[in-house]
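I opened this notebook to record what I looked up in the structure. The entries follow in the order of my reading.

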Amino acid sequence: MRTIGFFVFGWLLSMSCALAAIDPALLRPLASDGNDAKIAAITALADGAQREALPVLKSMLKGSLALAGERVVIVDGQRVIDAATNSEIIPAPQVTESIGINNRLRRELASTLAALRLFSGDREIRWEAAQELASGADAELLPLLEKALASEADAEIKGTLQMAHAQASLGSGDALVRLAAVRLLGASGDPNVLQLLGPLTEKRAGNWIEPDSAVRAAAGTSIRAIENRLAFAENVGRAFTGVSLASILLLAALGLAITYGVMGVINMAHGELLMVGAYSAWAMQSVFQAYFPNLVDWYLLAAIPAGFLTAALVGVLMERVVIRHLYGRPLETLLATWGISLFLIQVARTVFGAQNVEVANPVWMAGAIEVMPNLLLPWNRIIIIGFSIAVLAAMWAILNLSRMGMFVRAVTQNRPMAGCVGVPTGRIDSMAFALGAGIAGLGGVALSQIANVGPDMGQGYIVDSFMVVVLGGVGQLAGAVWAALGLGVLTKFLEGWTGAVVAKIAVLVIIIIFIQKRPQGLFALKGRFVES
Amino acid sequence: MRPSPARTPFIVRLGRSFDARSWLLVGLFAAFALIAVPLMHLLLPPENPLHLSTYFITLTGKILCYAIVAVAMDLIWGYGGILSLGHGLFFALGGYTFGMYLMREIGRDGSYQSDLPDFMVFLDWKELPWFWTGSDHFLWAVLLVLIVPALIAFIFGYFAFRSRIKGVYFSIITQALTYAAMLLFFRNETGFGGNNGFTDFKRILGYSITAPETRVVLFGLSALALIGTLLLARYLVTSKFGRILTAIRDAESRVMFIGYNPLWYKLFVWTLSAMLCAIAGALYVPQVGIINPSEMAVANSIEIAIWVAVGGRGTLIGAVIGAFIVNLAKSWFTVSFPEYWLFFLGTLFIVSTLWLPQGVVGLYRRLQAGRGSAQDSEPAAAPGAAVATAATVAAVAKGAGV
């Protein structure tokens, strides 16, 4: 830390050679007594010297500014540097008094430094400085901001600066300046601005904090505008997380919908197929780390087929070894698949350990899009939504365009009849089960990016994905899609109002009531069916 | 249920529901649980090889409660064809309602020396919530144990059976119900101690809950409750009601066409089953000393089904045997080989559904039949009926599965 500090300092020193000297009259007041005097001195220095003032103010912030007689100097270890000329004084004079700072001064220095960076030649530095100032600027900085505004060419930075300027002008003594500032702030979407404007409409000890009634009214309007914008962003955010949850539910439920639709089999081990998919993502990550370290960001692309195939393989095994022998006994199948799920959980614990394994987001999935200050859309969620849409499209294509899909639909609708016209129902069962399991594997790969990967991860999704299937109706993609969307968005909006647990309970109760009205789910299959 | 012209008194019909050999077994079991166990636990010194340890009493008492749940499950699943994955809820509700009484019995002996249960003091509550009213009275607690879970089961069952939800749909919905209840009970605001539930019980009816005498009494009560449950269940399934129930299981539509309304039959046996579970839960909590929301976990409820499946569905004694086999295995595995318990349980689920559709009792009967000694008509008839049942169920389910 210290070494870096010295390097930076050295860099500042080398840069400073090109700079002009500062008028010592501007420097001397920095050592005056009292905060207010010091703040005035800082503002004056920044205003008068701009770029040259940077090293001095930075030293002050570090607490290494001192007084050697009447000269203001920077103490750097053994060396003593003249603050005015930024050159070392040899021999080093005796330091008589160090210039102390407190928290208030520290804040002041930080924002002044940010304001000074507004004059940097580098656009990125200016942009950062402008954003820093937009989240809190004092009236003392107004002259600097105005100067910066006048010289700024970049429209984006200029807009941010205007907000910063408006914030700073709220402390101005001129009612008209305040009015303009309040109106301008109304265009903000930043929750911090609300705290700034809030006091303007309040009374303290019977007196309005803001004396001017026009400013008060404008502040009220601005507050409402900002609140509306924030509420809108919040709702959009909720809808987004709802859709994101729906995409996960859909991936978990699609496979279940197929196996239940085709075979009338409730696969309690479905959650564990998700787990298998997630662990294959982890395995792929390990393989890439070991053998293709420079391609490690793309392990996820390899994990997609790996997850599908592994889960499909486990699914086929399950179907061949156990489920096949339990046809026509749905309740027994339910219990047997629960046994399989316990078995798979213990296998995962034995092989991979009981702890969660770490699956990292690739770089291209990290980060978020900032739509508004309080609305961030994370990339991994967006990609998963896209992924589930792609899986859905692929499923639709397989079911509706391929020969196998036609057979699957036929068996779903009427198994004996399909068998009579020559559909190999046994083989279709195996294939449908493999497909459903594979899709669960894909869901697991997606889950590995946003949830913990551990032996028990599948258990948390069983009830939810069953609810999607029950709500959506059997053997219908559209049903599953609408049910997942409805459940996801409803859950997230309820969570916003009532908290997560109550929301979950409410959703379950709503489903139970809904099933009363429509026992066949949202989308019942139409046609002739044998009902028991 | 139409009252049949009851010529023979109820008590006689109740007595007739067991044959002589079964009565003998029941008598032996009662003698063991009510006389031998107390003597061997209280009078024999610990060095004596016949002494029964506290561990034995607690473990067996616990399993006796599980056995009651298993019989209740067998009633609705084995005879009614309704697989509930939510029976853990009723068991836990019984435990919670009785636990409320036990919490109040702690009095001021808790860590905070307050009249309120410790967790309420911890949450900074000033008075008892309304549903705790009267929970300090033993009889009120017993009444609640009998009424609350039964009422919940009745309301839920009424709506579910009315809209003819059955098969796996019903199973899934009951699973969701217990899951929702578990989430609810995990919340501190619900007023049942949140995560930790109820524990640190001190007294029951003024007697110390850890005293050997109290344990023996609770053990005996559990044994009596199990006998009573078995007797009641046996009476029900051999009565006309039981036959209609079995008929509904095998061909609900036909029963409806004949003129019965399956709703009330299913609802009655469902509510009764929930009530039995609640009694078991209320006996379980003082013996184990804790009740928390994890009793409502989905896995627990499914495990109940496997007790019945292992023992043999549709054979009431099978449910008891299954509960003992699985739970003894569980306590042995979790002590000796904790990492293999899930393998064992998973295998048990698969094996019992694939190769032991009639469970241990079915296996025993098959072996007996294999020896060529068809002793009397009753055991021989049962497997035959079971096979026919399985066939009808399969036919019905095939239709439903499409």
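I began with a helix pair: helix 13 (residues 299–321) of chain A packs against helix 18 (residues 425–447) of chain A at an angle of about 140°, and their axes are 7 Å apart. Helices (H or I, at least four residues) and strands (E, at least two) are DSSP runs, numbered from the N terminus. Axes are lines fitted to C-alpha atoms, for helices over the stretch in contact, with angles from 0 to 180 degrees between N-to-C directions. Helix 13 of chain A is therefore oblique to helix 18 of chain A (under 35 degrees is roughly parallel, over 145 roughly antiparallel, 65 to 115 roughly perpendicular, the rest oblique).

I noted that the model is predicted: local features need pLDDT of at least 70, side-chain atom pairs count only at pLDDT 80 or more, and totals for chains, interfaces and linings use all residues. Residues are numbered from 1 along each chain as its sequence is written, while chains are lettered from A and ligands numbered from 1 in the order in which they are written.

I next looked up the sheet. Five strands of chain A form an open, antiparallel sheet in the order 4-3-2-1-5; two strands pair if DSSP finds at least two bridges between them. Strand 4 (87–88) and strand 5 (97–98) of chain A are the edge strands, each pairing on one side only. Strand 1 (residues 65–68) of chain A runs antiparallel to strand 5 of chain A, joined by two bridges. I found S98(A), in strand 5 of chain A, as the bridge partner of A66(A).
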